[in-house]
Amino acid sequence: MNEAALEAAGVDSYRTREAKQQPTWPDQDALARVTPRLEQVPPLVFAGEADVLREHLAAAGRGEAFVLQGGDCAEIFAEATADRIRNKIKTILQMAVILTYGASTPVVKIGRMAGQYAKPRSADTETRDGVTLPTYRGDIVNSHAFTEEARVPNPERLMDAYHVSASTLNLIRAFTQGGFADLRLVHAWNKGFAANPAYSAYDRMAAEIDRAVRFMGAAGGDFDALKTVDLFSSHEALLLDYERALTRIDSRSGRAYDCSAHFLWIGERTRELDGAHVEFMSRIHNPIGVKLGPTATVTDAVALAEKLNPDNVEGRITFVARMGAQHVREALPPLVEGVRDAGLNVTWLTDPMHGNTFTSDSGFKTRRFETILDEVTGFFEVHGAAGTVPGGLHVELTGDDVTEVMGGTEEIDDDGLARRYETKVDPRLNHQQSLEMAFKVSELLSAR
Ligand code: PEP
Ligand code: CO
């Protein structure tokens, strides 16, 4: 019955299209044993929750909310510990309070969490000292260690990804609904950050936020309502075997939803109009994103919006621009103007991370805080000039004190990168850099 409904919803039409960035599973029988099991497991999220997020994203597209989407480049199974998950949630919530102040609108919080396990790679294999092995494609496919056993794609990992996503999501739900997200508590953590003399540049804004929170309390603000928050889950819908297996028919509407996360996005390397990823995503009803890099044309953007959102539903499509700081002011305006002139409802986010990656002199893959901020600034300028809405920020971050991104007030230089460089894929803003970014973006938002 359900299978027939899924087929009628067209969720298998992608199978005849070219799917880029998929692993070569050496054991197809093992894959064929795992996917039917995944088709039977309970959904990780509900269609109704995805619908709520679509409404929030629609509001962000109109300038009535601002989106903060953040988390690891690649989540690691072994790092899905209570401490690390809590630190990440805490960082996102702290940033959200700072952004709420600048935006004077609600902030829609989305984690790159509970499912961000599949990575696109530039090569299929990696060679070290004459040994060639399959490239690391994320924990849902293989493991990072450079051994044959670790690197051979293993379909059992799809099942592991589901279970680690479930336990991560369970903790997210507990932390955000169970009192940990109370505005006063989050605000107290931010006071700790602002008390550090290194960040005295933000004293004024921190004091203003403090006054606003105290005013709310004095005026009898309903703190019960501020004790819980919604933190939605998201990841790149890259591994189609997994995404298809987690797709369910919503009993209320009869529509297909990918229940692996609330929000799914199509990456820069898999956004071909006639490719398998765009085809699959056109069949599910979650709110979805598409990354757009500097080579994207107006024609691409308009065609993607039309294919993925033929009814022009507000909040259904989010374009995540990742141009690079040196390109954003030239490459983004034609896209924003073209989408605007075509009358398409799109929510625009900036991903100031992926166009700004380079290798430091000492050999670390890194990014510079100031360059990241420059791309965000360019994004706001472009929307200001076009009369359109800069709807949100998409960043790679962690709640821990890693040293992966250079710069920031507590200047991490090339030598500093080696101190605590942990990421398996892309460099992330650490806790302090994330909060500093939030203050900077908050300033941009108050002028929006
Ligand atoms: C990512 O978000 O980690 C990523 C791979 O981004 P992009 O598709 O924009 O390169
Ligand atoms: Co990344």
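**Reading burial, metal site and barrel**

Reply: Let us begin with Cys73, which counts as buried because its relative accessibility is 0%. Buried means under 20% relative accessible area, exposed over 50%, and partly exposed in between (1.4 Å probe, protein chains only). This is a predicted model, in which local features need pLDDT of at least 70, side-chain atom pairs count only at pLDDT 80 or more, and totals for chains, interfaces and linings use all residues. Residues are numbered from 1 along each chain as its sequence is written, chains are lettered from A and ligands numbered from 1 in the order in which they are written, and side-chain values use heavy atoms, with hydrogens and water left out.

Me: Which residues are the protein donors of the cobalt ion (ligand 2)?

Reply: Donors are N, O and S atoms within 2.8 Å of the metal (3.2 Å for Na, K and Ca); water is not among the atoms, so sites may look incomplete. Here they are Cys73 (SG), His354 (NE2), Glu396 (OE) and Asp426 (OD), at 2.1 to 2.4 Å from the ion. Their spacing along the chain is C-x280-H-x41-E-x29-D.

Me: Is Asp426 buried or exposed?

Reply: Asp426 is buried, because its relative accessibility is 7%.

Me: How many strands form the closed barrel?

Reply: Strands (E, at least two residues) are DSSP runs, numbered from the N terminus, and two of them pair if DSSP finds at least two bridges between them. The closed barrel has 8 strands in the order 1-2-5-8-9-10-11-14, with parallel pairing. Within strand 8, Phe263 is the bridge partner of Ser234.

Methods
Helix = DSSP H or I, 4+ residues; strand = E, 2+ residues; numbered from the N terminus.
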